[in-house]
Amino acid sequence: MALPDLHCKALYLVHLDGEALQQQGAPEVMRQMVQSCLCSVYGAFLESVSFPLLGAGQTLPAMLEEISCFLEHHPNTWMKLVQIVHPLGLPAPCPVAEEPSTPAEAVGFCWPEQPLFLRYVDESPAVQREFKRCLEEVGYGFRACPHWGILTFPAVASPEEPCGWEAAFRSVRQRYVVHHEGQEDLLEALAAEPSLVEEFGSIRVYDGEDFVGLAREMAPFLRRLAVRAFQRQLVSREYPAEPLPRWVIVKDVAEKELPVPDVSMELQQGAPAIITFRGPRQQVAKAESRCQQLLRAFRVLSVPVSPLQALFIQEHREDVFTPSFFLDRGIAAVLELPTAASGTELAWDLHAGLVPSEGVSVAGLEQEKLQHAAELLRGLVSCQTVPIEGAVHWATQGQEWAELLAGLGTRRDVALHCAASREQLVVVGFQPYVAQAEAAVREYLKSNSLAEERLDVPRPELADAGAELLRLMDWEHLQVAIQLHPNTRVLSLRLQGLLRHLRLARRAIKADLDSLVLGTVPIRGRALGEYLCGEGATLLQDLARQLRCVVSLRGAPPTNGPSSTCGQGAAPQASEAPRKPLKVQAGAPKAPELRVLGREPDVGRVKAAVASFVAQFHDESICNMELVAIGTQALRELGQASLYQFPISLRRLPGNVLRVRGAWDDVAKAVAAVHARIQAAQRQRAEAEVLYGLVKWQHLALAGWRPFSVATNQRLETAYTSGERRVEIKWDEQRAEIDLLKAVAVVRGTGAPIRLRREICLWDRCLAPHWEPMDESLVRLVELGKGSDEYREVAEGFKRTAPGYRILNIQRVQNRVLWVSYCWQRRWMEEKNPPGELNERLLYHGTWPENRRSIQEIGLRITCRKVGIYGQGLYFAVEAARSANYAKPDAHGRRFMFQVRVLTGQFTQGKENMVLPPEKPDGGGRYDSVVNVLSRPSIFVTFFDDLTYPEYLITFQGTRPPLD
């Protein structure tokens, strides 16, 4: 074919970058060249644009794709032709019979096409003929080039229009469609039935999911395919399957009647149970319909059983008689029970017998299988009646009868029902276990009749043991009642109980009594005998109880009066029950002996224990005048101490003598404890004598002040120092009530008050009764409670003279040495100065944090004095605010000040050069202190030690401008 000559109005030369060709590749560079050229000539209103064919491979498709993209996004009416032509200067093209093989060949007009359609055209000669026929009418040929991905339209004649091929091509192309199917069910239907495509001649299938053909055949083909896929579609439908056992039968029958492998039925247990149908839709519908028909065809057969049998079946509905009871045994039947059977009254009459119950039934599809299931149930659950005679009614009222019934029904294989009148027992349950339970009940009723027997054993030692023998033998496990008949020579026992128990008990009791032996231990020494009959009896009783023997003492000597006390529980408290005294047998020989009755090993152990104790026994007496100071209660406490291994005997004898008996170690401990009490009494008396020399309590008599006795003086001083207000003492064989606060005594019966006084002789450790106990310490710092009167009094005095400061805490300084020294100085000053002189004042002294500890311990010493304007002494202020200026704060901002008791006595005006107070003008010695102003002093200065006592340490915070 020949191409028309090119009549170009303008020729554009485009230079291609060689480096870009190497980096980006020829297709991408040609694409950019086409886009750039078309954008450049778009505004020139050219009717046609021609590009030379350059390169090979993918260059042509890239150029065609870019031309199509440009025309799609830049629609216009003037650009009628955009083509790719053979390059200028090459040989003229000639007709081409086959697809282009080299880039130099003329290609004419091209159309990029989908690869599937190109394959379709290439494989369909009829489609090729149709395209060729339509294009030849307009002067063009037609060729499919799958390798290039295009359709070519070479000119075979001189067409009237350069682009006339396009209309002809589109008229044919629009009749064909390419369809991609993505639904898996449609593709599976086509794969299962490939013959569907044969019904539509133009349709071809590629890669199993792409369809190409005529548009008029594609739509019905897809509909036909969708119908086949819908018919093949697998469905899963779920329905409640209640009651489940019926559905089990229905499922088995339906699976046999509908042997379709494509349909499956599955039952799932739950609440509710679910049946699931799976398979093709049509087959599933058939299976559902058949199951519903079978459910409606079920038959119900009532099983005639008694109410007790029905109740038994009902009680075992969860573990045995489930609805699938018969199904588990290969019988196509369902056991059906009423849901409220357990709450209904049983139609059971003792005289009328068992009335049949209609509450139990079986359901199924076949009458023969229903009859078989009913017979199986009646044969499995049996019901038997056991009569109870009146003579053994008592045996059905005890715990053993209840345990028997409970034991028989433990496995839940049988159920026992006793009538209210207890005249018969009904046994219901599984057939083999009902027979066993019936036999056990009859045997129990037969063997549980009451009986009584008497057992005589001609052994005097057993008769002497008496009730202790019953305690020793512990026959309670024999389940018989044993009573002892008094007899001095023969042990007579009466046995009562069930006949079967009596037979066993008689043999056991006879064997136990035959195993008992009698052993004796001689008691040498009257002291040991008296001890074992008295306080030591508990020792023997404990041995008898622990070693399970009966211990008795024969020929024991009489005791000389009651013991004052004994140890380790021998003298019981009021709240405890006293132990039984050791049994002393009458008619005993003169030589005392200990008799032990029990089993031979136990008797040997008791004898060994007694012998061991006898070897340790010790008797000791204490003679001391101070024993009178140990009262009866104190002696009892000594005997009951827990440190003794064996009971201890403490007996007070005439002449201030205390006799101690017991084991050697225990006696040594008791003697040591008694001596300790004696020493404590001696120390107490000595302390009372010392106290009497320090403090004397006196009462006013007609002859003047008279002191109390040493003991009474200690009693009053102890009550005074402990803060008691009232105390009662013995006064001339009478009782007197002392009011320590008012210092008044009233003797009962007289009513006349008697004045008292407390005279301090030397060391006044009780002058400050509000002090806390000092124990052995000399200095103690006590913090005052903020709610106490003492705290309030000190705080108010501080705040009154130093407002604006905040008190953190107040501590009382208790210094025994400083206080006594201060009291001596105060007493000396009171005697030295005229009566009425104000010798003592409460003043303030501010200090540095590092000095407060030394002040608490050694006080304010004159060696620490400094030069001042009123003399070289110790300075004190009336107002706390003035002393606060000298209280240096510590690292936490806390400041410290002492409230001090100061013996100011008689004072005068102070001067800077004074190192001692000046002499009085009248020659009466020196002044006690000096001040800043005589008329109204606010600063006091002392020059001597022990004239001050730092009573309170005040810790505070805050600052104020310094005072002038």
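I will go through confidence, then a pair of helices, then a few backbone details, and finish with a strand residue and a pocket.

Please keep in mind that this is a predicted model. The chain has an average pLDDT of 80, and 86% of its residues score at least 70.

Let me turn to the helices. Helix 7, which covers residues 184-192, packs with helix 8, residues 215-232, at an angle of about 90°, and their axes are 8 Å apart. Helix 7 and helix 8 are therefore roughly perpendicular to each other. On the side of helix 7 the contact is made by Asp185, Leu186, Glu188, Ala189, Leu190 and Ala192, while helix 8 brings Phe221, Leu225, Ala226, Arg228, Ala229 and Arg232. Sorted by class, this contact of helix 7 with helix 8 has eight nonpolar residues and four charged ones, with no polar residues.

The peptide bond from glutamate 242 to proline 243 is cis, with omega near -5°, and proline 243 sits in the loop between strand 9 (234-240) and helix 9 (244-257). The bond from alanine 271 to proline 272 is also cis, with omega near 0°, and proline 272 lies in the loop that runs between strand 10 (264-268) and strand 11 (274-280). Aspartate 207, found in the loop between strand 7 (204-206) and strand 8 (210-214), has a phi near 55°, which is a positive value in a residue other than glycine.

Leaving aside residues up to four places away in sequence, which residues does isoleucine 754 touch? They are His699, Leu700, Trp731, Ala743, Val744, Ala745 and Val747.

Finally, the second largest pocket holds about 800 Å³ of space. Its lining is made by 28 residues, and those nearest its centre are His845, Gly846, Lys866, Tyr875 and Tyr886. Strand 39 (840-847), helix 26 (852-858), strand 40 (874-877) and helix 27 (880-884) are the elements that each give two or more residues to this lining. By class, the lining of the second largest pocket has 15 nonpolar, nine polar and four charged residues.

Conventions:
Residues numbered from 1 in each chain as written. Predicted model: local features only at pLDDT ≥ 70, side-chain atom pairs only at ≥ 80, totals over all residues. Heavy atoms only, no water. pLDDT = per-residue confidence, 0-100. 1 Å grid on protein atoms, 1.4 Å probe; cavity = no way out; pocket = protein on both sides within 12 Å on 5 of 7 lines; lining within 4 Å. Points joined across faces, edges and corners; volume = space filled by probe spheres on them. Helix = DSSP H or I, 4+ residues; strand = E, 2+ residues; numbered from the N terminus. Nonpolar A, V, L, I, M, F, W, Y, C, P; charged D, E, K, R; others polar. Axes fitted to C-alpha atoms, helices over the stretch in contact; angles between N-to-C directions. Parallel < 35°, antiparallel > 145°, perpendicular 65-115°, else oblique. Contact = heavy atoms within 4.5 Å.
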